[in-house]
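Please open the structure and follow along step by step.

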Amino acid sequence: MKVMVIGAGIAGLAAAWRLRERGVEVVVVEREAEVGGRCRTHFWQDGWRVRGAFAFVGSEQNLIEQSKALGIYKPEALANLTEAHEQYLLHRDKGIVRQPSFSPADILKSPLLSLGEKAALARMLPSVGKQMGRNDPRDLTSAASLDTESAYDYMNRLSPNFANYILEPTMQMFCGYEKDDYSVAWLMWLMAGFPWSGNWWSFKERGVGMLTYAMGQHFAKDPGCEIHLGTEVLEVVQTDDGMRTTVLKNGQQSVMQADAVVFAVPAPLVPKMMPTLETARREFLASVGYVGHHIIHYLFRSKARDLPPSLLLPTRDGFTRVSNLHFWERGEDLFLASGELKGAFCAETLGQDEDVILDLAWKDYAAATPAVADGEFVDRHLQRNDLAICRRETGFVKRLADFRSMPDLPSIAFAGDYMINSTVGQAHWSGLEAADRIVDGLQP
């Protein structure tokens, strides 16, 4: 048996890993020049910088098992990043407010919220408890009955300060989500699991990209796995002999044959690659939306002192470009700054020159921390992620439930964050699950 995996992000790599565990030959096809997708890191100014994922959620045991299997899960190689996920919220009246975590207990302690707002939010707890009783942490559709409205609208009725100064900037930081990009169903499913309120960890070398780098190195030495980088999939056709895939590399077309295929790419790309999929599946995949989530880095000189280590910037107070900012002092008036851009700003500047985007983003830095307004740039960098994270707007979870209920296709499986959630561990799990579906469907 030979299976083609299209896409070498964490979901595709996980699918390849499980297929090899089950004795299947694998061909991995990746459009980029290296494996890893949004989980890989790149070296810039003496350090590894994230391209998307910042840390692993400690409760996602499958990532720990994967790291142990690769021989890289060692105490001296790991970094505890739990404290790095503490939030410092910028409020127009109260200034900088520390938010230890996004757990209900810490939210209800927040000085940003009035007693009335805290009481209103506390009335949600029975609903969270009910969802906990039916919650499946591996299946977002276990919250489908709550897919009735946007989470922002729902929360804004209970507590405007929570909605505008905690929820909105937090979702922008982690996801790039605008107000209508995530539903009550998705948020309640997260709250019922509390996966983010535990510990966070990463690797000291390469960050989260260490995991995908090690997987790529492993597969490069595995005679049962071919990896084709810089290779674009043009068309996938199901024939009597299996799956025929036409690819393009270095301007040359060629055809690859396999018994089955795992699509581990953003959902809307699948029907473009295989337009012969049945209508219901094709329509769901084409309907899945994504938000952009660029990451920015600046190295600059300034006489500024006592800069905040990090800040979340609320859209309500006019910060429409940057969702969060971080500063590190490098000595001799040299500072490193990084941050993430809001989804709407990424969409507005789609295709624009890198310098234009970086100039505009710096305006939010200067407005939030005026001391750096006259900073002199030494270097700066924009990491683009135009299709970063799957939108989970009102109605998505119900559509996903319908999609997941369709009969399995013996030779085709799907993996990616849209199948479950956008953490590294959840996307990884979707690849493992897709591989099992393929093998179980093809074996007699």
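## Exercise 1: the largest cavity

The largest cavity has a volume of about 180 Å³, and the model it sits in is a predicted one.

**Task.** Work out which elements and which classes of residue line the largest cavity.

**Solution.** 
Step 1. Start at the middle: of the 14 residues in the lining, Arg281, Asp408, Phe414, Met419 and Arg437 lie nearest the centre of the largest cavity.
Step 2. Move on to the elements. Two or more lining residues come from each of helix 14 (396–405), strand 22 (412–414) and helix 15.
Step 3. Sort the lining by class: the largest cavity has 9 nonpolar and 5 charged residues around it, and no polar ones.

## Exercise 2: the second largest cavity

**Task.** Find how many cavities of 30 Å³ or more there are, and describe the lining of the second largest cavity.

**Solution.** 
Step 1. The count comes to 2 cavities of 30 Å³ or more.
Step 2. The second largest cavity has a volume of about 100 Å³.
Step 3. Select its lining in your viewer: Pro104, Ile107, Leu108, Leu121, Met124, Leu125, Val128, Met155, Phe162 and Met191.
Step 4. Classify the lining of the second largest cavity: 10 residues are nonpolar, with no polar and no charged ones.

## Exercise 3: the second largest pocket

**Task.** Which helix gives the most to the lining of the second largest pocket?

**Solution.** 
Step 1. Locate the pocket, whose volume is about 230 Å³. Glu34, Val35, Tyr213, Gly216 and Gln217 lie nearest its centre, out of 14 lining residues.
Step 2. Look along the lining for the main contributor: helix 9 (residues 209–220) gives the most, with 6 residues.
Step 3. Finish with the classes. The lining of the second largest pocket has 6 nonpolar, 5 polar and 3 charged residues.

## Exercise 4: helix 2 against helix 9

**Task.** Is the crossing of helix 2 and helix 9 left-handed or right-handed, and which residues meet there?

**Solution.** 
Step 1. Take the two axes: those of helix 2 (residues 61–70) and helix 9 come within 10 Å and cross at roughly 45°.
Step 2. Because of that angle, helix 2 is oblique to helix 9.
Step 3. The crossing of helix 2 and helix 9 is left-handed.
Step 4. Now for the contact itself, where Leu63, Gln66, Ser67 and Leu70 of helix 2 meet Leu211, Ala214, Met215 and His218 of helix 9.
Step 5. By class, this contact has 5 nonpolar, 3 polar and no charged residues.

## Exercise 5: helix 1 against helix 15

**Task.** Describe how helix 1 passes helix 15, and say which residues make the contact.

**Solution.** 
Step 1. The axes of helix 1 (residues 10–21) and helix 15 (residues 424–442) come within 7 Å and cross at roughly 40°.
Step 2. Helix 1 is therefore oblique to helix 15.
Step 3. Helix 1 passes helix 15 in a right-handed crossing.
Step 4. From helix 1 the contact uses Ile10, Ala11, Ala14, Ala15, Arg18 and Leu19. Helix 15 contributes residues including Val424, Ala427, His428, Gly431, Leu432 and Asp436.
Step 5. Sorted by class, the contact of helix 1 with helix 15 has 11 nonpolar, 3 polar and 2 charged residues.

Methods. Residues numbered from 1 in each chain as written. Predicted model: local features only at pLDDT ≥ 70, side-chain atom pairs only at ≥ 80, totals over all residues. Heavy atoms only, no water. 1 Å grid on protein atoms, 1.4 Å probe; cavity = no way out; pocket = protein on both sides within 12 Å on 5 of 7 lines; lining within 4 Å. Points joined across faces, edges and corners; volume = space filled by probe spheres on them. Helix = DSSP H or I, 4+ residues; strand = E, 2+ residues; numbered from the N terminus. Nonpolar A, V, L, I, M, F, W, Y, C, P; charged D, E, K, R; others polar. Axes fitted to C-alpha atoms, helices over the stretch in contact; angles between N-to-C directions. Parallel < 35°, antiparallel > 145°, perpendicular 65-115°, else oblique. Left-handed = near helix turned anticlockwise from the far one by under 90°. Contact = heavy atoms within 4.5 Å.
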